[in-house]
Amino acid sequence: KVLLAFQTRPMLISLAYPVLAILDLLTRNEVYHMYIHHLGIVFGVLMVVNLSSYWIEKGKLHISGFLPAFSFFLFAIHEPWLTFVRKIAYRLLNPQNDWMLCAIYFGNALFICLTAMLIYRAGNKFVPGIMKILTGR
């Protein structure tokens, strides 16, 4: 069983996040908006942790051995690639509206994640010793 202090009121946290998300949208031009926004981020993270631990306890979510090492690998390499890919995407696509900016933003992140996953898997297959050092396994 996962023992986290804020799990004593998981339903309250899970209900508070959608309320804060709606308030975040409704108070965009208010002086206090950033307080609500930051509080929403904190409650959103807590809600995800609560839901994840609940699904793990119920056996609906299984922890993969792949994810911890891959997430560190992705963390370590994503920023230089993301900057490079973003510059290329802006030059090639020349976004003219918000939809294009959003597509580039999420498309770049998806591209980096998938590419990193392919490199990680290939590295584990062909040079596992180096990958163990890179990921701290």
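pLDDT is the predictor's confidence in each residue, from 0 to 100.

**Figure 1. Confidence along the predicted chain.** The model shown is predicted. Its mean pLDDT is 83. Of the residues in the chain, 92% reach 70 or more. Among the elements, α4 has the highest mean pLDDT, at 89. The lowest mean belongs to α5, at 81. Residues 1-6 are another matter: pLDDT stays under 50 there. For this stretch the model has 9 contacts beyond four places in sequence. Where pLDDT is low, the predicted coordinates should not be read in detail.

**Figure 2. Helix α4 against helix α5.** Two packed helices are described by the angle between their axes and the distance between the axes. Here α4 spans residues 98-126 and α5 spans residues 128-135. They pack at an angle of about 125 degrees. Their axes are 6 Å apart. That angle makes α4 oblique to α5. On the α4 side, the contact is made by Y120, G123, N124, K125 and F126. On the α5 side, P128, M131 and T135 take part. By type, the residues of this α4 contact with α5 divide into 4 nonpolar, 3 polar and 1 charged.

**Figure 3. Helix α3 across helix α5.** The axes of α3 and α5 come within 9 Å. They cross at roughly 75 degrees. Angles of 65 to 115 degrees count as roughly perpendicular, so α3 is roughly perpendicular to α5. Helix α3 brings A69, F72 and F73 to the contact. Helix α5 brings M131, L134 and T135. The residues of the contact of α3 with α5 divide into 5 nonpolar and 1 polar, with no charged residue.

**Figure 4. Aromatic pairs.** The count comes to 3 aromatic pairs. One of them is F70 with Y120, an edge-to-face pair. The ring centres are 5.6 Å apart, with 65 degrees between the planes. This pair links distant parts of the chain. F70 sits in helix α3 (residues 66-93), while Y120 sits in helix α4. The two are 50 residues apart. Both F70 and Y120 are buried. Y105 and F106 also pair: their ring centres are 5.1 Å apart and their planes are at 90 degrees, so this pair is edge-to-face. Both Y105 and F106 are exposed. Ring pairs also link F70, F73 and Y120 into a cluster.

Figure 5. I112 lies in helix α4. At 3% relative accessibility, I112 counts as buried. Leaving out residues up to four places away in sequence, I112 touches L74, H78, W81, L82 and V85. Take L74: its C-alpha atom is 8.5 Å from that of I112. I112 and L74 are 38 residues apart along the chain. L82 is found in helix α3. L82 is buried too. Its relative accessible area is 16%, and the cut-off for buried is under 20%. K132 is 50 residues from L82 along the chain. The C-alpha atoms of L82 and K132 are separated by 24 Å.

**Figure 6. The loop between α1 and α2.** Helix α1 covers 10-26 and helix α2 covers 33-57. T27 has its place in the loop between them. R28 is in this loop as well. T27 counts as buried, at 7% relative accessibility. Residues up to four places away in sequence aside, T27 touches Y32, H33 and I36. R28 is partly exposed, with a relative accessible area of 46%. In sequence, R28 and M47 are 19 residues apart. In space they are 23 Å apart, C-alpha to C-alpha.

**Figure 7. N94 in the loop between α3 and α4.** N94 lies in the loop that joins α3 and α4. Its phi is near 45 degrees. That is a positive value in a residue other than glycine. N94 is partly exposed, with a relative accessible area of 48%.

Conventions. Residues are numbered from 1 along each chain as its sequence is written. This is a predicted model: local features need pLDDT of at least 70, side-chain atom pairs count only at pLDDT 80 or more; totals for chains, interfaces and linings use all residues. Side-chain values use heavy atoms; hydrogens and water are left out. Axes are lines fitted to C-alpha atoms, for helices over the stretch in contact, and angles run from 0 to 180 degrees between N-to-C directions. Helices (H or I, at least four residues) and strands (E, at least two) are DSSP runs, numbered from the N terminus. Angles under 35 degrees count as roughly parallel, over 145 as roughly antiparallel, 65 to 115 as roughly perpendicular and the rest as oblique. Contact means heavy atoms within 4.5 Å. Ala, Val, Leu, Ile, Met, Phe, Trp, Tyr, Cys and Pro count as nonpolar, Asp, Glu, Lys and Arg as charged, and the others, Gly among them, as polar. Rings of Phe, Tyr and Trp (its six-membered ring) pair if their centres lie within 6.5 Å; planes under 30 degrees apart count as stacked, over 60 as edge-to-face and the rest as tilted. Buried means under 20% relative accessible area, exposed over 50%, partly exposed in between (1.4 Å probe, protein chains only).
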